[in-house]
Amino acid sequence: MRKKIIAGNWKMNNDIFQTTDLLNGLKEKISSSEHLVIVCPPFTSLVVAQQLLKNSPIKLGAQDVSLFDSGAYTGEISVGMLKAAGCSYVIVGHSERRQYHGETNEIINKKAKKVLDAGLIPIICIGETLDEREKGITDQILTTQTKGVLADFSNAEVEKSIIAYEPVWAIGTGKTATKEQAEESHQLIRKVISQMYSWATAEKVIIQYGGSVKSENAKELLSQPNIDGALVGGACLKADSFAAIITAV
Ligand code: PGA
């Protein structure tokens, strides 16, 4: 049985003061959970978050990481810095990074490897755009992305990694994939992983769904056999709505 993992991607929201308020609210509501709960605040809030989450089951993640370990890379944050700040997870290849920062499957693959090499767990995002879905090439896109982001991963590395299937047209739009659409894509991703490795390995990989997840649709989506969790954006910014998703599934 795969564990359900619910992660909140705060994106560029919440300064250190707002972080304190939100996490105090969340800690009150989630003192224990059968699911694994992760929050991914902006870099500037990580240290504050680490301290606030000390006696909490909620784990800490970052939203991105540098390809490099140290040196003249202005504005970048290394995986070592994230580890020292208390992160156990790192989101890589979010569609907003692909769209606004030109991140390719190759870059995302390298970042995910960096994260794994440091002993952290990458949450690797893939997903088709509306145009690609309308052209009927969703399966082709997801196959290419899955193979690209996992290129040269060992069995153990792929089993440790989390994949987040996030159809780009569902992110921040209020349009959620139907449970059938999401399950179909998750099945395909798992099949591609099984062809690259084995069914035994593919069965172990956590595949989250992301894109306008809220408490009203979380249970239906996460009760699909191949949907093992959620990557939540908008609805994770309020303690009430994030906690409601966690208790709904
Ligand atoms: P959303 O964002 O829940 O606001 O659609 C999800 C994400 O971008 O990870």
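**Entry 1**

I use oblique for what is left once angles under 35 degrees (roughly parallel), over 145 (roughly antiparallel) and 65 to 115 (roughly perpendicular) are taken out. This is a predicted model, where local features need pLDDT of at least 70 and side-chain atom pairs pLDDT 80 or more, while totals for chains, interfaces and linings use all residues. Residues are numbered from 1 along each chain as its sequence is written, and side-chain values use heavy atoms, without hydrogens and water.

Helix α5 covers residues 105-117, and it packs against α7 at about 40° with the axes 8 Å apart. I take helices (H or I, at least four residues) and strands (E, at least two) as DSSP runs numbered from the N terminus. Axes are lines fitted to C-alpha atoms, for helices over the stretch in contact, and angles between N-to-C directions run from 0 to 180 degrees.

The crossing of α5 and α7 is right-handed.

Which residues meet? I found Asn105, Ile108 and Asn109 in α5 against Thr144, Gln145, Gly148 and Val149 in α7. The contact of α5 with α7 has two nonpolar residues, five polar and no charged. Here Ala, Val, Leu, Ile, Met, Phe, Trp, Tyr, Cys and Pro count as nonpolar, Asp, Glu, Lys and Arg as charged, and the others, Gly among them, as polar.

**Entry 2: α7 and α9**

Next I followed α7 (residues 138-149) to α9 (residues 179-196), where the angle is about 45° and the axes lie 10 Å apart. This pair is oblique, and the crossing of α7 and α9 is right-handed. From α7 I listed Thr138, Asp139, Leu142, Thr143, Thr146 and Lys147; from α9, Ser185, Leu188, Ile189, Val192, Ile193 and Met196. The residues of this contact of α7 with α9 are six nonpolar, four polar and two charged.

**Entry 3: aromatic pairs**

How many aromatic pairs does the whole structure hold? I found two. In Phe68 and Tyr73 the ring centres are 3.9 Å apart and the planes at 0°, so I call the pair stacked. Rings of Phe, Tyr and Trp (its six-membered ring) pair with centres within 6.5 Å; planes under 30 degrees apart are stacked, over 60 edge-to-face, the rest tilted. Phe68 is partly exposed at 34% relative accessibility, and Tyr73 is partly exposed at 36%. My cut-offs are under 20% relative accessible area for buried, over 50% for exposed and in between for partly exposed (1.4 Å probe, protein chains only).

Tyr165 and Tyr209 make a tilted pair, 6.3 Å centre to centre with 55° between the planes. They link distant parts of the chain, 44 residues apart: Tyr165 is in β6 (residues 162-165) and Tyr209 in β7 (residues 206-210). Both Tyr165 and Tyr209 are buried.

**Entry 4: Ile207**

I stayed in strand β7 for Ile207. Ile207 is buried, at 0% relative accessibility. Asp228 is 21 residues from Ile207 in sequence, and their C-alpha atoms are 5.4 Å apart. Leaving aside neighbours within four places in sequence, Ile207 is in contact (heavy atoms within 4.5 Å) with residues including Ile163, His186, Ile189 and Asp228.

**Entry 5: Gly93**

Where does Gly93 sit? I placed Gly93 in the loop between β4 (89-92) and α4 (95-101). Gly93 is buried, at 2% relative accessibility. Beyond four places in sequence, Gly93 is in contact with Arg98, Glu103, Ile108 and Cys125.

Notes
A crossing is left-handed if the near helix is turned anticlockwise from the far one by less than a right angle, and right-handed if clockwise.
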